[in-house]
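Subject: Handing over the structure

Dear colleague,

Please look through it once, and then follow my notes below.

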Amino acid sequence: MPISAAEALLHVRDLDAGYGKIAVLHRVSMHVNPGEVVALVGPNGAGKTTLLRAISGLLPWTGGDATFAKESLAGTGPRETARAGLVHVIEGHRVFTQQSVYDNLLLAGYDVPRGERTARIDEALAYFPEIAAKRHDLGGALSGGQQQMLVVAQGLVRRPRLLMLDEPSAGLAPVLVDRVLGVVGELRRKGTAVLLVEQLVEKALASADRVYALARGRIVLDEPTTAADLSHKIEAAYFGHAS
Amino acid sequence: MAFGATLASILSTGLAMGAIYALIGITYNVMYSTSRVMSFTAGQLGMLGGVLGALFTLRLGMPLLVGFALTLLCCAVVGMVTEFVAVRPVLASLDQHLYVLSTLALALIIQQVTAIEWSTEPQAFPRLFGIGSGALDEKFWLPVVACAMTMGALEWMQRKTLVGRAFLAVAEDNFAARALGLPERNLRIASYALAGAIGGIAGYAGGELMLAFFANGAFLNFYGFVPVALGGLGNNRGAIVGGVALGIFQQAANFLVGGIFASVAVFVVFIVVLLAVPQGLFGTSTARRV
Amino acid sequence: MTSLSDAAVEKPAELGHKASALTAAGPFVALAAVAAILPLIGNDYWAVIATRAAIYWVLVAGLNLIVGYAGQLAIGYVSLLTLGAYVTSVLAAGNVLPAMPLAVCFAAAAMTGAIFGVVVGLPALRLRTFYFAISTLGFATIVTQIALAWQSVTGGGIGLTGPEFPKPFDTPWGFYTFCLGVAAFATWITSNVAHSRYGRALVAIRDADVAAEANGISKSRALIPVFLLGGAMAAVAGGLFAVLQTYITPDAFTFDLSVLFFIAILIGGRGSILGPLIGTVVLTILPEFAAPLAAWSTFLYAVLLLVIVLAVPGGIADVLDFHNRRVLTNNRAIVPDPSVLPGLYAGRPAAEPLTMRGVVLAFGGVRALDGVDLTIEPGTVHGLIGPNGSGKTTALNVISGYYALQKGEVRIGDTPLPTGRPELRADLGLARTFQTPRVVAEETVLENVMIGGTVSGRAGFLTTLLALPGRGRDERELAARGRMALRAVGLESLADVRASRLQHSELRFIEIARALMLAPKLLMLDEPAAGLSPDEIARLGDLISAIARHGTAVLLVEHHADLIFAICQHVTVLNLGRVLADGTPADIRSHKEVVSAYLGG
């Protein structure tokens with residue numbers, strides 16, 4: 001089951017990152033293999049979002065290195081990483097509220113060759129028939145769940161090799177959470193790797209092959225989701241060693 | 001008869017000046033939309049539109065169309081210079097308002113170079129078409145037509161082109177646009193070039209009315225910002241309504257209470273609106289701070 | 001052992017303080033000496049230049065409080081100079097009213113200047129900086145237009161004669177002496193304001209406006225006095241300018257002068273008096289040395305401004321600040337000393353509980369707080385935890401007044417907290433810290449902490465201006481209290497260091513020290529352990545417990561579960577804007593629903 005790190009699609013080594021004087025990540029190392037779904041869990045403020053931002057180039061890192069498909073990500077911005085096939089869907093279903101669903105997807109395809117855009121958009125919408133029916137509605141008119149579907153669809157327009165999803169369940173009703181996470185399963189069947197940051201640990205584990213737990217800016221757990229007594233280990237990771 | 005003539009004069013001058021103010025307001029807005037920066041070069045671009053138009057056509061004797069194209073090109077370049085010199089270096093610390101100082105410095109540099117190399121006195125601006133007279137003279141309707149055409153082109157661009165949508169996306173949520181892989185930096189430079197051209201159009205279309213005068217820059221900085229304050233930051237339609245309202249109000253006050261108090265009246269209205277409706281009459285309220 | 005090392009720390013700090021006060025006065029004395037011997041060596045031409053520098057400084061000194069201290073970018077201040085020049089000249093000439101004595105003319109000018117200083121400043125009280133900049137610019141445009149157009153009063157483009165001074169001030173050097181006196185007075189009063197709680201409040205508004213409100217600083221109450229003062233000083237300068245010019249026209253008041261004033265302050269450095277003073281003198285004299293460049297002077301000023309903003313935003317004062325170049329030891333530890341807490345809490349009103357009842361707050365359709373009840377008892381540490389978006393920080397912001405609740409109420413003891421008025425919290429004994437420390441990077445650690453005592457100062461603005469005894473007493477008390485608070489959190493040795501040089505963890509403790517200035521009834525800590533090392537977290541825990549033991553009710557929002565369970569007597573768990581559980585740490589730790597909510601089951 002475990003594939004050696006050398007074949008990893010995304011490989012992060014000893015990464016340090018933070019905001020100004022505040023160091024958030026301390027020597028974080030992790031990897032994602034091709035076609036693998038990896039869950040990244042951890043308490044608030046542990047640095048999960050910061051890690052995703054550092055990987056996708058939204059935040060410069062201060063130490064360590066990360067490679068994607070054997071190419072270093074040092075100094076690359078989000079535009080370059082997205083072109084390379086590493087797509088980051090940020091938290092908070094931030095759609096462009098004043099533009100239609102279709103235009104939101106067109107924007108995601110800004111770098112896609114003009115002739116391919118329509119096909120790519122239809123392909124992405126095929127995952128979400130709910131919003132395909134609303135392609136002419138404004139992004140701001142969608143419900144929170146539909147907006148979340150839209151931002152995931154925006155990511156899919158790029159045909160990613162690795163899709164990083166930051167808290168796709170936040171603020172959604174349970175049914176919609178299952179709906180959005182169901183797509184993760186579909187992507188996995190089609191061979192797309194997913195790095196999933198989630199608050200809903202149990203649901204995240206159900207969709208993932210492997211799990212990392214991040215606490216206080218450090219990786220404190222790296223287990224396959226089939227590991228024995230996993231929930232206990234994660235609880236211990238969350239609450240420190242007080243238990 | 002006399003009243004009718006006065007009314008016609010108030011309306012024609014008011015609409016013309018209002019359209020110029022509105023165009024400068026749009027210049028502020030276009031720069032603001034991609035950078036969250038309000039730049040003092042907006043008014044100077046309007047001044048340059050007039051001065052460069054006169055320079056190319058009258059002093060250098062170029063054909064009208066070439067002069068116009070060159071004027072817009074130069075103004076677009078000045079817009080891009082604004083982005084490189086006065087905006088990008090201070091974007092990282094937007095909350096310290098250093099952009100107020102850096103864009104002011106650049107605006108003063110532009111103004112002083114113009115004063116010294118061009119003239120400190122108002123200079124003639126070429127008569128473009130020679131159509132109309134009295135209240136229907138081209139100097140009155142040209143700015144209005146320019147404003148309407150600019151607004152139409154902007155709206156068309158935002159609705160029908162991907163670049164236009166990308167502008168809107170960066171304006172609404174810069175971070176999300178960046179995360180989506182949009183070339184945010186290039187879009188910002190492009191928006192400054194576009195703003196430069198719009199400022200140039202304002203000055204060029206208003207050249208016959210305002211002449212080619214270096215001090216128009218500071219004047220337009222203030223009067224062009226009033227529509228932005230009235231219409232709400234980033235709201236182009238609001239800027240047009242605000243600009244026209246300001247132009248007509250100013251001319252009416254000019255007639256009713258005289259030039260001294262007309263400018264006082266404008267200033268008072270500006271302060272009162274800012275205090276009563278800080279987000280502008282058509283604007284949306286501001287973000288959270290904590 | 002402790003007392004020994006404490007004494008060792010204390011002495012150099014005290015000495016350093018006195019020495020720095022002396023060195024601070026040195027340059028002013030030197031400048032005054034040069035100004036005093038100038039009449040002995042210079043000719044009449046020099047008298048005019050030197051007088052002009054003194055007059056400009058009268059304006060710049062007041063403007064410095066607005067631009068340099070409060071950070072409000074007033075770019076069109078020449079308008080107030082114009083106003084003052086015309087008011088004095090018109091009243092003295094008697095072409096509207098009967099001619100008046102000089103003193104009345106100047107008093108009238110000062111009053112007009114003060115009034116318009118506030119009118120132009122109104123947008124600054126509520127709006128973004130750019131709006132204020134543009135309103136001063138607009139006012140400058142308009143004043144010139146009026147001066148040109150109102151011919152019956154101002155003489156239009158032809159102008160009018162300025163007032164004349166009686167003997168012995170009617171000679172160039174006589175008038176110079178008078179202006180020098182006014183300039184010295186201007187320096188003295190603005191320096192009194194700058195080094196008082198008013199001055200610190202201005203800087204807090206400039207660099208940390210949210211924290212300023214939490215410390216009881218109201219933007220309008222802080223800014224209006226300096227707008228009045230700055231306007232009056234500019235108008236008086238205008239009157240003197242009219243005397244110096246002997247004849248004034250609108251042309252004399254170009255926008256270039258505004259730029260000169262403005263740049264003098266920025267070259268000099270924000271938050272300094274000496275820097276802008278040197279800047280004014282240099283910029284006034286410079287064109288005299290470089291006559292061929294006179295036409296380009298404004299251009300050069302503008303280039304200078306651009307270079308300063310992009311390269312040295314701190315100005316001359318920053319470059320010359322050798323004191324803050326001294327290397328700080330790298331491995332310094334924060335060692336709190338709770339034994340001084342009784343001193344801070346002496347004579348404070350009795351502790352009271354904070355209660356929230358049925359608090360509802362919705363953003364758009366989302367109920368961030370959905371009927372929250374909470375009681376925080378004095379003397380306890382009360383933990384507030386919950387998953388992301390559960391409403392913890394929102395609750396904190398409702399209590400501290402940044403958000404206006406829509407239903408329900410919050411009380412401290414029996415007093416209801418006024419909704420949505422953060423600047424009224426400090427007076428009621430509520431203090432807080434922020435997720436990202438909000439401190440004034442350019443001020444010293446001690447000055448930052450003294451901001452926390454703003455509401456306890458008693459000296460009024462006029463008392464402060466004229467350095468009447470109340471000001472000194474306030475300053476001494478606040479400084480002593482500030483050092484005590486710093487000792488309590490373990491940062492006393494860094495009291496005189498600029499905050500920008502400190503590490504992130506130290507900034508967190510500065511915020512706690514600032515909050516302790518109030519000996520608060522309620523202390524709200526928003527993720528105080530974030531970014532701290534395990535050792536520092538342990539010390540933080542001890543410090544928080546000690547603060548609670550002195551009667552303060554502590555509300556602790558924190559992600560570090562171990563810290564919460566180690567020091568809280570009571571824990572409330574929020575989820576989706578509601579209270580999910582409430583009890584002792586042990587109750588919460590075994591609460592199955594909490595564990596699953598936290599883990600998102």
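Let me begin with chain C, where, among contacts between residues at least 6 apart in sequence, 76% join residues at least 24 apart. Please keep in mind that this is a predicted model, for which the predictor gives the complex an ipTM of 0.91 and a pTM of 0.87.

The average pLDDT of chain C is 87, and 93% of its residues score at least 70.

As for its overall build, chain C holds 24 helices and twelve strands, and its C-alpha trace spans about 85 × 60 × 45 Å along the principal axes. A compact globule of 601 residues would have a radius of gyration near 25 Å, and the 28 Å of chain C agrees with this. Of the 601 residues in chain C, 53% are buried.

Which strands pair with β9(A)? One is strand β3 (residues 37-41) of chain A, which pairs with β9(A) in the parallel sense over four bridges, and here A:Ala39 has A:Val211 of β9(A) as its bridge partner. Another is strand β10 (residues 218-224) of chain A, which runs antiparallel to β9(A) and is joined to it by six bridges, with A:Ala215 standing opposite A:Arg218 of β10(A). β9(A) and β10(A) form a hairpin with two residues between them, and in the turn A:Arg216 has a positive phi of about 50°.

Finally, there is the contact between chains A and B, which takes 19 residues from chain A and 14 residues from chain B. On the side of chain B that touches chain A, the elements giving two or more residues are α6 (162-172) and α7 (174-179) of chain B, and α6(B) gives the most, with six residues. Sorted by class, this side of chain B has nine nonpolar, four charged and one polar residue.

With best wishes

Definitions and conventions
Residues are numbered from 1 along each chain as its sequence is written. Chains are lettered from A and ligands numbered from 1 in the order in which they are written. This is a predicted model: local features need pLDDT of at least 70, side-chain atom pairs count only at pLDDT 80 or more; totals for chains, interfaces and linings use all residues. Two residues are in contact if their C-beta atoms, placed from the backbone, lie within 7 Å. Ala, Val, Leu, Ile, Met, Phe, Trp, Tyr, Cys and Pro count as nonpolar, Asp, Glu, Lys and Arg as charged, and the others, Gly among them, as polar. The radius of gyration is taken over C-alpha atoms; the globule rule is 2.2 Å times the number of residues to the power 0.38. A residue is buried if 20 or more other C-beta atoms lie within 10 Å of its own, exposed if 12 or fewer, and partly exposed in between; C-beta atoms are placed from the backbone. pLDDT is the predictor's confidence in each residue, from 0 to 100. Two strands pair if DSSP finds at least two bridges between them.
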